[in-house]
Amino acid sequence: MTLEEKAGMSTLFEPVTLGPLQLPNRVVMAPMSRYRSPEGVPGEDIARYYRRRIEGGVSLIITEGSWVPHPGASDQPNAPRFYGDDALAGWKRVLDEVHAAGGKIMPQLMHRGQTEEGPGGRGARRVGPSGMFGSLGVPLKQVDEPATLRDIEDVIDSFAIAAQSAHQMGFDGIALHGGHGYIIDQFFWSATNLRTDEYGGDIAGRTRFACDLVREVRRRTAPDFPIMMRLSQWKLHDYSARLAQTPQELEAYLLPLVDAGVDIFDFSQRRFWEGEFGTDMNIAGWARKLSGRPSMTVGSVSLTNDMFDSFMGNASNVADNLAELERRLDRGDFDLVAVGRALIADPDWPRKVANGANADIVPFQPAALKELV
Ligand SMILES: Cc1cc2nc3c(=O)[nH]c(=O)nc-3n(C[C@H](O)[C@H](O)[C@H](O)COP(=O)(O)O)c2cc1C
């Protein structure tokens with residue numbers, strides 16, 4: 001059965017139109033860092049890797065996190081930049097391959113903020129709202145001066161420059177990393193944002209950085225250029241952290257972001273079937289309901305183990321959880337489904353699922369992270 005024939009039988013394979021974005025189905029590749037871009041330049045192998053996922057039936061790719069042009073954005077070797085002629089030429093090749101295969105693609109733009117201690121690579125100063133740093137199991141502490149208003153302007157400018165490049169190059173939108181404890185999330189969260197100026201304080205103050213950033217991105221791109229934003233309750237250094245304790249708090253974060261110009265919310269969680277706020281509906285469902293904007297879910301789709309388990313080096317088998325996914329999709333909880341590790345393991349995942357060939361899906365092995373197929 002072709003993916004198109006499957007559309008009438010499964011919402012996952014039904015087309016969807018989100019503003020100017022027309023997608024043949026709901027399967028999106030989740031952003032996943034592969035650290036295979038020497039000197040920050042994505043090569044032909046990366047272009048081939050993304051194209052292969054479109055050929056397997058993915059409708060939209062969110063690229064691995066790519067760094068905005070700010071000195072403190074990242075110093076990770078082999079992670080791709082989204083600036084500089086060499087890196088942008090590499091991304092152009094990725095874009096052309098994905099478009100040639102009939103797919104859509106948005107770069108994920110990110111800045112790590114204060115997720116590490118000490119001076120960054122190339123001597124760059126780390127920047128965060130209040131200089132707070134914590135790592136897994138280590139409580140947050142202030143290790144640096146809070147970002148100045150000039151720092152804030154510079155970081156916003158760096159996101160806007162990268163977004164402008166993406167727009168001019170012909171990408172289908174951009175995905176802003178506003179989750180996992182990176183810089184945008186550091187401003188959102190009360191434990192990392194202790195500021196008393198207009199960028200801190202209540203939720204409105206803590207959301208101002210993201211809103212200013214989105215407005216600037218919108219101003220330098222186009223009124224209809226799709227802007228997706230990833231959010232999460234959990235943080236890299238604290239999996240049990242929660243950004244919003246109640247639907248009212250979540251709404252207070254989301255509505256200003258909608259007003260600023262976010263088109264689609266991507267709510268990152270580890271297991272899509274886990275409900276939020278004591279209900280059956282997951283966080284992407286709540287985001288859609290409260291914001292009135294489309295949303296995307298993610299988390300262990302067709303896998304038995306979650307992402308952290310994979311980072312611990314464990315394999316993940318193929319799980320029978322797609323009926324549960326469809327139930328939520330049919331109910332209108334979310335519009336898109338991001339698939340992560342399952343697509344690293346098996347680029348043909350969408351076609352196999354559409355054909356009911358679940359038995360043929362390749363299970364995820366951590367070794368798959370070491371190669372780019
Ligand atoms: C190897 C790997 C790298 C990742 N890198 C990123 C990243 O760069 N940006 C991001 O927002 N999430 C990243 N994630 C999280 C994924 O986007 C996704 O939310 C997570 O893997 C859960 O989906 P899954 O259970 O289908 O794998 C990464 C996950 C993995 C496994």
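Predicted model: local features only at pLDDT ≥ 70, side-chain atom pairs only at ≥ 80, totals over all residues.

Me: Start with H4. What span should helix H4 have, and how far apart are its end C-alpha atoms?

Reply: Helices (H or I, at least four residues) and strands (E, at least two) are DSSP runs, numbered from the N terminus. H4 covers residues 149-169, and at 1.5 Å a residue its 21 residues should span 30 Å. The expected span is 1.5 Å times one less than the number of residues. The end C-alpha atoms of H4 are 30 Å apart, which agrees.

Me: Which residues of H4 are buried?

Reply: Among them are Asp151, Ile152, Val155, Ile156, Phe159 and Met169. Buried means under 20% relative accessible area, exposed over 50%, and partly exposed in between (1.4 Å probe, protein chains only). An α-helix has 3.6 residues a turn, so residues three or four places apart point the same way.

Me: What covers the buried residues of H4?

Reply: The cover includes helix H3 (85-100), strand E5 (104-110), strand E8 (174-177), helix H5 (183-188) and helix H6 (203-220). After H4 comes Gly170, with a positive phi near 100°.

Me: Which residues touch the most other members of the largest nonpolar core?

Reply: Phe209 and Trp349 do, in a core of 97 residues. H4 gives the largest share of this core, eight residues. A nonpolar core is a set of buried Ala, Val, Leu, Ile, Met, Phe, Trp, Tyr and Cys residues joined through side-chain atoms within 4.5 Å. There is also a second, separate core of 16 residues, including Val16, Leu18, Ala30 and Ala175.

Me: And what does Trp349 touch?

Reply: Not counting residues up to four places away in sequence, the list for Trp349 includes Leu12, Val27, Val301, Leu322 and Ile361. Contact means heavy atoms within 4.5 Å.

Me: New topic. How many cavities of 30 Å³ or more are there?

Reply: A search of the whole structure finds two. On a 1 Å grid over the protein atoms alone, a cavity is a set of points where a 1.4 Å probe fits but cannot get out, and a pocket is an open set with protein on both sides within 12 Å along at least five of seven lines; lining residues have an atom within 4 Å of a point. Grid points are joined across faces, edges and corners, and a volume is the space filled by probe spheres set on the points. The largest cavity holds about 50 Å³.

Me: What lines the largest cavity?

Reply: Its lining includes Gln114, Met132, Phe133, Gly134 and His237. Strand E6 (residues 132-135) gives the most, with three residues. By class, the lining has three nonpolar, seven polar and no charged residues. Ala, Val, Leu, Ile, Met, Phe, Trp, Tyr, Cys and Pro count as nonpolar, Asp, Glu, Lys and Arg as charged, and the others, Gly among them, as polar.

Me: What is the volume of the largest pocket?

Reply: About 810 Å³. It is lined by 37 residues, and those closest to its centre are Pro31, Met32, Ser33, Met307 and Phe311. The lining divides into 20 nonpolar, eleven polar and six charged residues.

Me: And the second largest pocket, how much space lies there?

Reply: About 250 Å³. Of its 14 lining residues, Gln233, Trp234, Tyr239, Gln269 and Glu274 lie nearest the centre.

Me: Last thing, loops. Where is Leu136, and is Leu136 buried or exposed?

Reply: Leu136 is in the loop between E6 and strand E7 (138-142). Leu136 counts as exposed because its relative accessible area is 51%. Leaving aside neighbours within four places in sequence, Leu136 is in contact with Leu236, His237, Asp238 and Tyr239.

Me: What is phi of Phe277?

Reply: Near 55°, a positive value in a residue other than glycine. Phe277 lies in the loop between strand E10 (264-268) and helix H8 (283-291), and Phe277 is buried, with a relative accessible area of 17%.

Key. Residues numbered from 1 in each chain as written. Heavy atoms only, no water.
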